[in-house]
Amino acid sequence: MSSIHDQIKEVVTTHRVVLFMKGTKQFPQCGFSSRAVQILNAAGCTDYVTVNVLENDAVRQGIKEYSDWPTIPQLYVNGEFVGGSDILMEMYEASELQELLKA
């Protein structure tokens with residue numbers, strides 16, 4: 001059986017844009033996750049996949065170790081960790097997020 005880090009790596013490398021969050025994009029379950037979804041939507045990203053960390057505690061802990069980032073949500077684009085909701089907002093306001101998502 002593969003480790004949780006292997007499972008996370010498979011998800012972030014199989015899908016172009018992945019948001020690890022609390023809840024789903026249709027029903028975010030925390031303010032920061034809701035904000036991240038709103039930012040992605042505002043940036044015109046429609047093809048992103050979400051992973052609800054509340055459904056699996058191993059994923060919830062594992063993603064923090066995988067990225068070496070202590071908080072949720074976490075955005076990955078093309079297999080690379082981008083950041084949480086504050087970083088997404090800064091990137092969006094500077095039009096960097098839109099450029100990254102176009103690539």
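Before going on, some ground rules. This is a predicted model, in which local features need pLDDT of at least 70 and side-chain atom pairs count only at pLDDT 80 or more, while totals for chains, interfaces and linings use all residues. Residues are numbered from 1 along each chain as its sequence is written, and side-chain values use heavy atoms, with hydrogens and water left out.

Back to Ser95. Ser95 is in the loop between H4 and H5, and its phi is positive, about 65°, although Ser95 is not a glycine.

Asp68 is another non-glycine with a positive phi, about 60°. Asp68 sits in the loop between H3 and E3 and is exposed, at 69% relative accessible area. That loop also holds Pro73, which is joined to Ile72 by a cis peptide bond with omega of about 10°.

Now the sheet. Which order do the strands take? The open sheet has 4 strands in the order E2-E1-E3-E4, with mixed pairing; two strands pair if DSSP finds at least two bridges between them. E2 (49-52) and E4 (80-83) are the edge strands, each with a single partner, so one side of each has no neighbour in the sheet. On average, neighbouring strands are turned by 25° against each other, direction ignored. E3 (residues 74-77) and E4 run antiparallel and are joined by 3 bridges. Leu75 stands opposite Gly83 in E4.

Two helices lie across these strands. H3 (residues 57-67) lies across E1 (17-21), E2, E3 and E4, at about 60° to E3. H4 (residues 85-93) lies across E3 and E4, at about 85° to E4. The angles run from 0 to 180 degrees between N-to-C directions, and the axes are lines fitted to C-alpha atoms, for helices over the stretch in contact.

What is buried in H4? Ser85, Leu88 and Met91 are. They cover an arc of only 120° around the axis, which places them on the same side of H4; the arc is that of the directions from the helix axis to the C-beta atoms. These buried residues pack against H2 (31-42), E3, E4 and H5, where contact means heavy atoms within 4.5 Å. The face turned away from the buried side carries the exposed Glu90 and Glu93.

H5 (residues 96-102) contains Gln98, which is buried at 19% relative accessible area. Leaving aside neighbours within four places in sequence, Gln98 is in contact with Ala43, Met91 and Tyr92. The side chain of Gln98 also reaches the backbone oxygen of Tyr92 at 3.3 Å. A polar contact is a pair of N or O atoms within 3.5 Å; within protein, one must be able to donate a hydrogen and the other to accept it, and residues adjacent in sequence count only if both atoms are side-chain atoms.

Last, the cysteines. With a disulfide taken as a pair of cysteine sulfur atoms within 2.5 Å, the count is 0. For Cys30, the nearest cysteine sulfur is that of Cys45, 18 Å away. Cys45 is buried, at 4% relative accessible area.

Notes
Buried < 20%, exposed > 50% of the residue type's maximum accessible area, 1.4 Å probe, protein only.
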